[in-house]
Structure formats: structure tokens, C-alpha cells
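Reader: I am new to protein models and would like to learn how to read one slowly, feature by feature. Could you take me through the one shown here?

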Amino acid sequence: MASLLTHAYTALVLGKCVTRKPWPWRFGFLLLGSAVLPDADVIAFVLRVPYGSMFGHRGLSHSLCFAALWSWLVMVLEFKHVPKGSRAWWKVYALFFAATASHGVLDAMTNGGLGVAFFAPFDSTRYFFPWRPINVSPISVRRFFSELGGEVLKSEFLYVWLPLTVVWVMVVLLRKIGREGRETQA
């Protein structure tokens with residue numbers, strides 16, 4: 001798996017690229033939490049659920065179906081004020097879906113584990129991407145705060161944080177240029 005920090009940072013950048021207004025704390029917590037949530041399945045190790053099981057690590061909770069259902073639940077419970085089916089509803093839904101689904105995408109880019117069950121529960125096949133530059137993060141907190149964790153963070157910085165930050169800066173600059181262009185025309 002990628003580290004929880006990187007999953008959260010990915011959701012942060014997605015959200016900042018899609019939204020323009022400052023977020024209420026609850027929105028930010030939900031968005032970043034949605035990106036981290038699939039790893040709640042590590043409880044399967046304690047419960048002795050086999051890793052390769054649909055309910056094991058990187059199984060159902062890492063699937064696109066889970067991302068879709070979770071995003072719908074967030075919309076139903078937290079965004080009751082947004083008219084269902086409206087453009088605003090779909091925009092927020094898509095953001096939560098992308099943040100949650102990004103978890104599996106990042107994990108499929110790691111160099112360890114059994115792969116990601118993107119299509120669970122309909123297909124239990126585990127997938128990796130052909131390009132896997134991210135060092136897999138240890139699940140143990142103690143092992144994460146070791147030299148191994150440093151190597152993980154180094155690969156995540158290079159292949160995730162840096163490219164996402166470049167995209168975020170470009171979005172901010174394009175918005176600024178667009179705003180200045182509109183002000184010039186007015």
C-alpha cells in the first residue's frame with residue numbers, strides 16, 4: 001500500500017483542483033478520510049481473514065464498487081442540501097468517488113502485495129499497473145518509522161507528491177490567469 005499520508009495528499013490535491021472556495025473542516029475531513037478509508041480493511045489481518053480473500057486487504061474496500069457506494073453514502077448523509085441529480089450533486093459525488101478510488105490506483109502502483117481487486121465483488125482478480133514505481137508501505141507503524149519508511153516516502157514524493165503538486169500549482173496559475181483575463185475585459 002501507499003502511505004496514509006500520500007493517500008490523503010492525493011485527495012487534498014484533487015479537492016483543491018476541483019473546488020475554489022475554502023472548505024469547512026467537515027468537508028476536508030470527509031474527503032481526506034475517504035481516500036484513507038479503504039485501508040480500514042487491515043483489520044482483516046487481526047481477524048485472520050486470508051489476504052487474498054474478497055474481504056482481505058486490498059479486496060472489496062479497494063474496489064470501484066466500494067468507491068461508488070461510499071460516495072453515494074456520503075452524498076445521502078452529508079449533502080442533503082444539494083439537489084439530487086443536479087450538476088452540483090454530481091460534481092461533489094465525482095470528487096468523493098475520485099478521492100476514494102485513488103486509493104486503489106496508488107496501491108496498484110506499488111511494488112508489493114497481491115494487487116488490487118478493482119472489480120470486486122463481481123471479479124476477485126487482483127491487479128497491478130505495469131508501472132509500479134512506489135515502494136510498498138509497511139503496515140506496522142514501527143516499521144514505517146524506520147529506514148524502510150524513509151524509502152517509501154522518498155518514492156512517494158518523487159512519483160506522487162511532486163507530480164500532484166505541479167498539477168495543483170498549474171491549476172492555481174491557470175485560474176489566476178483566467179481571473180485576470182476576465183478583469184481586463186470588464
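Author: Let us begin with a term: a residue is called buried when its relative accessible area is under 20%, exposed when that area is over 50%, and partly exposed in between, with a 1.4 Å probe and protein chains only. In this chain, buried residues make up 38% of the 186 residues. Please keep in mind that this is a predicted model, in which local features need pLDDT of at least 70 and side-chain atom pairs count only at pLDDT 80 or more, whereas totals for chains, interfaces and linings use all residues. Residues are numbered from 1 along each chain as its sequence is written, and side-chain values use heavy atoms, with hydrogens and water left out.

Reader: How many helices and strands does the chain have?

Author: Helices (H or I, at least four residues) and strands (E, at least two) are DSSP runs, numbered from the N terminus. By that rule the chain has seven helices and zero strands, and its C-alpha trace spans about 65 × 40 × 30 Å along the principal axes.

Reader: At what angle do H1 and H2 pack?

Author: For such an angle, axes are lines fitted to C-alpha atoms, for helices over the stretch in contact, and angles run from 0 to 180 degrees between N-to-C directions. Angles under 35 degrees count as roughly parallel, over 145 as roughly antiparallel, 65 to 115 as roughly perpendicular, and the rest as oblique. H1 and H2 pack at about 135°, with their axes 8 Å apart, and are therefore oblique to each other. Contact here means heavy atoms within 4.5 Å, and this one is made by Leu-4, His-7, Ala-8, Ala-11, Leu-12 and Gly-15 of H1 together with Leu-31, Leu-32, Ala-35 and Val-36 of H2.

Reader: How are the residues of the contact of H1 with H2 divided by class?

Author: In this scheme Ala, Val, Leu, Ile, Met, Phe, Trp, Tyr, Cys and Pro count as nonpolar, Asp, Glu, Lys and Arg as charged, and the others, Gly among them, as polar. The contact of H1 with H2 has eight nonpolar, two polar and no charged residues.

Reader: How do H1 and H7 lie to each other, roughly parallel or oblique?

Author: The axes of helix H1 (residues 4–18) and H7 come within 10 Å and cross at roughly 10°, so H1 and H7 are roughly parallel to each other. The residues in their contact divide into 13 nonpolar, three polar and three charged. H7 (residues 147–185) also holds Pro-163, which is partly exposed, with a relative accessible area of 37%.

Reader: At what angle do H4 and H5 pack?

Author: Helix H4 (residues 64–78) and helix H5 (residues 87–107) pack at an angle of about 135°, with their axes 8 Å apart, which makes H4 oblique to H5. By class, the contact of H4 with H5 has 14 nonpolar, two polar and no charged residues.

Reader: Which residues have the most contacts inside the largest nonpolar core?

Author: In soluble globular proteins, nonpolar side chains tend to be buried together. A nonpolar core is a set of buried Ala, Val, Leu, Ile, Met, Phe, Trp, Tyr and Cys residues joined through side-chain atoms within 4.5 Å. The largest core has 16 residues, and those with the most contacts inside it are Phe-27, Leu-31, Met-75, Phe-79 and Phe-96. Helix H2 (25–36), H4 and H5 each supply at least two residues of this core, and H5 gives the most, with six. A second, separate core of five residues includes Ala-2, Met-109, Ile-134 and Val-160.

Reader: Where is Arg-58 found, and is Arg-58 buried or exposed?

Author: Most residues other than glycine have a negative phi, and most peptide bonds are trans. Arg-58 has a positive phi of about 65° although it is not a glycine; Arg-58 is found in the loop between H3 and H4 and is buried, with a relative accessible area of 0%. Arg-48 has a phi near 65°, also a positive value in a residue other than glycine, and its place is in the loop between helix H3 (43–46) and H4, but Arg-48 is exposed, with a relative accessible area of 75%.

Reader: Which residues does a cis peptide bond join?

Author: A cis peptide bond joins Ala-120 and Pro-121, with omega about 5°. Pro-121 has its place in the loop between H5 and helix H6 (141–144).
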